[in-house]
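Visitor: Please put the structure up. I have some questions about it.
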Amino acid sequence: RQTHRRQFCNKNFLRSGNGQDSMPEAEATNAGTGDETAVAETSSNETKSKNRRHRKDKPWDHDGIDHWKIDEWKSEQLNGPLLEESSFATLFPKYREKYLKESWPTIRKELDKAGIKGELDLVEGSMTVRTTRKTSDPYIILKARDVIKLLARSVPAQQALKALEDGMFVDIIKIGNTVRNKERFVKRRQRLLGPNGSTLKAIELLSECYVMIQGNTVSAMGSHKGLKQVRRVVLDCMNNVHPIYNIKALMIKRELSKDPKLAQENWDRFLPKFKNKTVQRKKPAVQKEKKEYTPFPPAQTQSKLDKQLESGEYFATKEDKARKELQERVKRQLEARQAKDEDRASGFVAPKESKAEKLGQAGGLKNGQSKNSKKRQRDTEDSKSIIKKIRQDAEASKPAKAQSRTAADYLA
């Protein structure tokens with residue numbers, strides 16, 4: 001490829017007429033020896049793998065270099081002040097106004113040490129940070145931006161100011177849009193805290209990060225590796241994966257990292273594998289009946305004009321319409337009058353007979369005589385017959401002239 005490219009360039013150069021007589025001897029020799037260099041390069045590329053074919057060796061890069069190490073910034077590395085001013089601003093909620101007002105002198109003092117000017121506007125409810133001519137670190141403005149973000153998310157001032165240190169990074173995870181149902185969102189957010197904040201404490205110890213849950217966000221401070229772990233735990237929890245599973249995996253990884261023999265091996269065989277369980281949900285009390293699927297759309301509802309055309313009313317004259325309206329009005333009046341007459345006549349309808357009266361009539365009782373009255377009458381007749389029999393027995397046993405009072409007389 002290189003030889004063809006050189007030959008093509010030389011041909012165009014000669015055709016243009018610029019280098020017909022002025023072509024140096026060195027280029028001619030290079031053009032002649034191009035085949036040898038191409039053969040050497042192709043032979044070396046064949047020995048390399050396909051992925052590393054076009055990569056060149058970097059003598060300054062070796063295995064002993066820690067690519068994650070952040071060198072300390074020194075003010076001598078910047079010759080003069082920054083050419084332009086950079087600034088960042090963020091709003092804060094009203095309930096943070098009192099705390100920020102009290103702690104702002106301390107915050108401003110720490111920002112001044114880093115060469116950053118901080119402003120607190122209580123009218124608009126905003127915090128602003130901007131670079132000055134004393135700013136020696138060009139990246140410190142981004143760290144100051146993270147500080148005011150943490151202050152707006154209810155992080156204490158002493159903790160938020162640690163973000164200005166080297167090796168300390170900030171990640172604000174938004175969880176408000178992950179779950180639609182508010183009750184479900186509150187339950188899953190509570191899982192991150194755990195009973196008495198135990199789950200949150202475990203996440204902080206394993207990831208070596210500071211975590212603050214407030215409203216619809218989770219603020220985290222720490223190293224890049226720890227922030228990645230915190231973000232994964234938080235998002236999995238909001239997607240209905242309990243934090244205990246991720247905490248268990250982090251604990252195992254922490255123990256495996258202490259063994260130098262397993263540093264270059266795959267840890268998947270040591271990590272637990274959890275299966276998704278399908279839990280039966282409660283069936284609703286009122287189940288909607290599924291309609292049969294039809295590929296055809298539903299029929300279009302008729303408009304008022306369509307109904308008039310179908311009934312022929314659209315083509316009727318004004319006189320016909322007036323006559324029809326009169327007939328309908330008279331019909332409504334007749335129906336209303338009939339309902340009124342029925343209501344009036346309901347007061348003259350005889351009441352319904354009771355059950356006892358119906359039974360009395362069926363048993364041969366007189367009109368208006370109940371079953372109890374018939375029983376009472378039967379009892380009196382029996383008592384009279386008994387008295388009569390006692391009298392007859394008394395008269396037969398004693399002489400007729402004796403006129404002493406008998407027990408039957410007393411009973412009578």
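Predicted model: local features only at pLDDT ≥ 70, side-chain atom pairs only at ≥ 80, totals over all residues.

Guide: Residues are numbered from 1 along each chain as its sequence is written, and side-chain values use heavy atoms, with hydrogens and water left out.

Visitor: How many helices and strands does the chain have?
Guide: Helices (H or I, at least four residues) and strands (E, at least two) are DSSP runs, numbered from the N terminus. On that basis, the secondary structure comes to 15 helices and 6 strands.

Visitor: What share of the residues counts as buried?
Guide: Buried means under 20% relative accessible area, exposed over 50%, and partly exposed in between (1.4 Å probe, protein chains only). The chain has 412 residues, and the buried share is 21%.

Visitor: What is the volume of the largest pocket?
Guide: On a 1 Å grid over the protein atoms alone, a pocket is an open set of points where a 1.4 Å probe fits, with protein on both sides within 12 Å along at least five of seven lines; lining residues have an atom within 4 Å of a point. Grid points are joined across faces, edges and corners, and a volume is the space filled by probe spheres set on the points. For the largest pocket this comes to about 1500 Å³.

Visitor: Which helix gives the most to the lining of the largest pocket?
Guide: Helix 7 (182–193), helix 8 (198–207), helix 9 (224–238) and helix 10 (243–257) each supply at least two lining residues. The top contributor, with 8 residues, is helix 9.

Visitor: How do the residues of that lining divide into nonpolar, polar and charged?
Guide: The lining has 40 residues, and Asp236, Val241, His242, Tyr245 and Asn246 lie nearest the pocket centre. Ala, Val, Leu, Ile, Met, Phe, Trp, Tyr, Cys and Pro count as nonpolar, Asp, Glu, Lys and Arg as charged, and the others, Gly among them, as polar. The division is 12 nonpolar, 12 polar and 16 charged.

Visitor: Is Thr199 buried or exposed?
Guide: Thr199 lies in helix 8. Beyond residues up to four places away in sequence, Thr199 touches Arg191, Leu192, Leu193, Gly194, Pro243 and Ile247. Its relative accessible area is 13%, so Thr199 is buried.

Visitor: Where is Asn196, a residue with a positive phi of about 60°?
Guide: Asn196 is not a glycine, yet its phi is positive. Asn196 is exposed, with a relative accessible area of 85%. Its place is the loop between helix 7 and helix 8.

Visitor: What is the relative accessible area of Ser154?
Guide: Ser154 sits in the loop between helix 5 (140–152) and helix 6 (157–160). Its phi is near 70°, a positive value in a residue other than glycine. Ser154 is buried, with a relative accessible area of 12%.

Visitor: Which residues does Asn240 contact, leaving aside neighbours within four places in sequence?
Guide: Asn240 is in the loop between helix 9 and helix 10. Asn240 is partly exposed, at 45% relative accessible area. Its contacts, with those neighbours left aside, are Arg188 and Arg191.

Visitor: What separates the C-alpha atoms of Thr106 and Gln158?
Guide: Thr106 is found in helix 4 (residues 97–113). Leaving aside neighbours within four places in sequence, Thr106 is in contact with Gln158 and Leu161. Thr106 and Gln158 are 52 residues apart along the chain, and their C-alpha atoms are separated by 8.9 Å.

Visitor: What kind of aromatic pair do Tyr314 and Phe315 form?
Guide: Rings of Phe, Tyr and Trp (its six-membered ring) pair if their centres lie within 6.5 Å; planes under 30 degrees apart count as stacked, over 60 as edge-to-face and the rest as tilted. The count comes to 1 aromatic pair. Tyr314 and Phe315 are 5.4 Å apart centre to centre, with 90° between the planes, making the pair edge-to-face.

Definitions and conventions. Contact = heavy atoms within 4.5 Å.
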